[in-house]
Amino acid sequence: MTAINLFLAGDQGGKTPHQVGADAFLMFKMRAFTCDQLNLFPFLFPSADISWDQLPDEVVLRIFFCLPLQDLVRISVVCKRWQRLAFDESLWHSVDLEGMTHTALALQQVLRTGIRRLRCPRSFVEELHLTGRGSLQVVQMDLSSSIIPTLALEDIICRCRLLECLSLEGLQLSDTIISCLAKNTRLQELNLSGCSAFSAPVLTRMLKSCSRIQQLNLSWCTFDNNHIKSVVDNLSSSVTHLNLSGYRESLTLNDVKVLVEKCRQIKTLDLSDSTLLTADCLPVLSQLKHLLHLSLSRCYHIHLAALTDVGIMFPVLSQLDVFGLVQDSQLPSLKREMPHVSINSRPFSSIARPTPASRFVGFTSDRTMWNKKCRLRFGL
């Protein structure tokens with residue numbers, strides 16, 4: 001039995017698939033199918049008198065495609081043929097492993113299947129042993145807020161070349177990881193919020209290489225002035241959504257000027273908790289003609305009087321977050337000044353996040369990744 005079997009294989013009425021038999025096991029699962037689904041498999045019924053061994057691989061794969069993750073793993077122990085088909089690449093396009101208490105061995109098996117979309121947030125990965133030197137086919141991956149050794153994370157990221165969307169929020173990284181990210185030139189959305197342990201020079205190289213990034217979240221990283229300079233100097237003009245919040249003593253007006261000059265297409269910008277910024281930044285930001293959503297929460301040197309002109313300075317702005325700058329009693333007056341702008345409606349940023357932070361964790365809708373659910377999902 002493979003490693004993933006040990007973690008995912010459940011009990012079938014107290015019997016293993018070997019005991020109940022392949023035909024009985026699949027017929028048991030067919031009871032849950034709809035009539036339309038059953039009509040796809042007329043050969044399952046005794047009138048045809050066809051053995052499972054006589055069915056071509058394509059037909060068996062189509063049947064296996066209807067099974068949930070746990071059952072797909074259970075049938076893999078029936079025989080060698082079924083093990084090969086149960087882990088066929090076509091069945092493992094997207095997998096959600098959230099909820100597993102020990103993820104490492106299952107993750108190893110899943111990564112071997114040629115998976116394209118992997119959702120595994122808030123997981124605990126003790127250690128990882130990927131064999132061979134082959135590259136991974138992952139296009140979208142969410143490992144946010146996981147506990148994973150840096151060396152194990154390096155082993156995963158350094159095998160990736162096709163990443164388009166990636167979230168490593170809250171993880172301790174390394175220069176090696178950021179260097180390997182630079183090889184994923186197709187990256188469009190990258191969330192490194194709250195990450196640490198990588199240098200400014202390697203960040204520069206990554207940003208120069210990944211010139212297709214549209215959504216970038218670098219909020220609350222362990223950055224110094226050199227990191228901030230690396231970001232604003234090397235951002236691609238393709239960036240449309242940017243979160244640089246949390247840099248109280250690092251982000252300056254000059255940085256904002258460089259940012260605006262390089263990234264004219266920005267639609268959503270979060271500079272919250274940048275306490276060095278004053279009202280002088282507003283005329284600079286007003287040069288962003290496509291800006292729809294601006295967050296300046298807790299930028300305490302921007303006073304209320306300066307905000308009253310925002311509606312005029314930003315004619316297309318539709319959302320403004322200024323938490324901490326405006327008291328509840330002052331909010332109605334500010335809203336009258338800007339009737340077309342929604343004020344303080346988004347306490348959490350969704351920039352480059354696979355699942356918007358405003359959703360309630362644990363709800364069914366929370367288990368999406370970049371607006372799509374994974375086909376195979378681990379269920380408790």
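This is a predicted model: local features need pLDDT of at least 70, side-chain atom pairs count only at pLDDT 80 or more; totals for chains, interfaces and linings use all residues.
**Stop 1: the disulfide.** Select C158 and C180. A disulfide joins them, with an S to S distance of 2.2 Å. The structure holds one disulfide. Look along the S-S bond of C158 and C180: the torsion is about 80°, so the disulfide is right-handed.

Now show the secondary structure around the pair. C158 lies in the loop between α9 (150-157) and β4 (165-167). C180 lies in helix α10 (residues 175-181). The bond therefore ties together parts that are 22 residues apart in sequence.

C158 is partly exposed, at 24% relative accessibility. C180 is buried, with a relative accessible area of 8%.

**Stop 2: two further cysteines.** Select C160. Which cysteine sulfur is closest to the sulfur of C160? That of C158, 8.8 Å away and too far for a bond. C160 is buried, at 0% relative accessibility. Move on to C120. C120 is buried, with a relative accessible area of 0%.

**Stop 3: α12 and α13.** Select residues 225-234 for helix α12 and residues 253-262 for helix α13. Their axes come within 8 Å and cross at roughly 25°. An angle under 35 degrees counts as roughly parallel, so α12 is roughly parallel to α13. The crossing of the two helices is left-handed.

Finish with side chains. On α12, show I228, V232, D233 and N234. They meet D255, V258, L259 and K262 in α13. How does this contact divide by class? The contact of α12 with α13 has four nonpolar, one polar and three charged residues.

Terms used: Residues are numbered from 1 along each chain as its sequence is written. Side-chain values use heavy atoms; hydrogens and water are left out. A disulfide is a pair of cysteine sulfur atoms within 2.5 Å. Helices (H or I, at least four residues) and strands (E, at least two) are DSSP runs, numbered from the N terminus. Buried means under 20% relative accessible area, exposed over 50%, partly exposed in between (1.4 Å probe, protein chains only). Axes are lines fitted to C-alpha atoms, for helices over the stretch in contact, and angles run from 0 to 180 degrees between N-to-C directions. Angles under 35 degrees count as roughly parallel, over 145 as roughly antiparallel, 65 to 115 as roughly perpendicular and the rest as oblique. A crossing is left-handed if the near helix is turned anticlockwise from the far one by less than a right angle, and right-handed if clockwise. Contact means heavy atoms within 4.5 Å. Ala, Val, Leu, Ile, Met, Phe, Trp, Tyr, Cys and Pro count as nonpolar, Asp, Glu, Lys and Arg as charged, and the others, Gly among them, as polar.
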